[in-house]
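Here are a few notes to read alongside the structure. Keep the 3D view open and find each residue as you go.

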Amino acid sequence: MNRLVQWNEKYKVVWDFVMQNHRGPSRHRQEEHAMLNWMKFNRKKLNKDEMDAYRKEKFLALKALIHSFNRVNQYC
C-alpha cells in the first residue's frame with residue numbers, strides 16, 4: 001500500500017467523522033487523537049508549502065468543511 005492510498009484512507013476517516021459529528025477532532029477525547037494528529041501534521045505541511053496540489057486541494061476542502069460547522073457568536 002503506497003502513501004497516497006494511506007493518505008486517502010485517513011482523509012476519508014476524518015471527512016466521515018466531521019460529516020457525522022459536525023465538528024473537527026478534539027484534543028480532549030482520547031479516541032480522536034489519531035485524527036487530530038493527522039490534521040496537525042498535514043496543516044504543518046500545508047503551511048510549509050510542502051504538500052502536492054492534489055492533497056492541498058482536498059485538505060483545504062476538509063478545512064473549509066470543518067470551518068463551516070464552527071459557531072459564530074450572535075451577540076458580537
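**Notes on helices, core and charge pairs**

1. Let's start with Asp16. At 35% relative accessibility, Asp16 counts as partly exposed, because that label covers values between 20% and 50%. Keep in mind that this is a predicted model.

2. Which residue does Asp16 pair with in a salt bridge? The partner is Lys12, with the closest N and O atoms 3.0 Å apart. Both of them sit in helix α1, four residues apart, which is about one turn of the helix. An α-helix has 3.6 residues a turn, so residues three or four places apart point the same way.

3. The salt-bridge count comes to four. Another of them joins Arg23 and Glu32, whose closest N and O atoms are 2.7 Å apart.

4. As background, side chains of opposite charge can pair when their charged atoms come close.

5. Now look at helix α3, which runs over residues 53–68. Its 16 residues reach 22 Å from the first C-alpha to the last, close to the 22 Å expected at 1.5 Å a residue. Buried in this helix are Arg55, Phe59, Leu62, Leu65 and Ile66. Looking down the axis of α3, you'll see these buried residues within an arc of 115 degrees, so they line one face of the helix.

6. What covers the buried residues of α3? The cover includes α1 (3–21) and α2 (33–47).

7. Next, the largest nonpolar core, which has 14 residues. Those with the most contacts inside this core are Val14, Val18, Trp38, Met39, Phe59 and Leu62. Helices α1, α2 and α3 each supply at least two of the core's residues, and the largest share, five residues, comes from α1. In soluble globular proteins, nonpolar side chains tend to be buried together.

8. Finally, click on Trp38. What does Trp38 touch, leaving out residues up to four places away in sequence? The list is Trp7, Lys10, Tyr11, Val14, Phe59 and Leu62.

Note on methods:
Residues are numbered from 1 along each chain as its sequence is written. This is a predicted model: local features need pLDDT of at least 70, side-chain atom pairs count only at pLDDT 80 or more; totals for chains, interfaces and linings use all residues. Side-chain values use heavy atoms; hydrogens and water are left out. The expected span of a helix is 1.5 Å times one less than its number of residues. Buried means under 20% relative accessible area, exposed over 50%, partly exposed in between (1.4 Å probe, protein chains only). The arc is that of the directions from the helix axis to the C-beta atoms. Contact means heavy atoms within 4.5 Å. A nonpolar core is a set of buried Ala, Val, Leu, Ile, Met, Phe, Trp, Tyr and Cys residues joined through side-chain atoms within 4.5 Å. A salt bridge is a side-chain nitrogen of Lys or Arg within 4 Å of a carboxyl oxygen of Asp or Glu.
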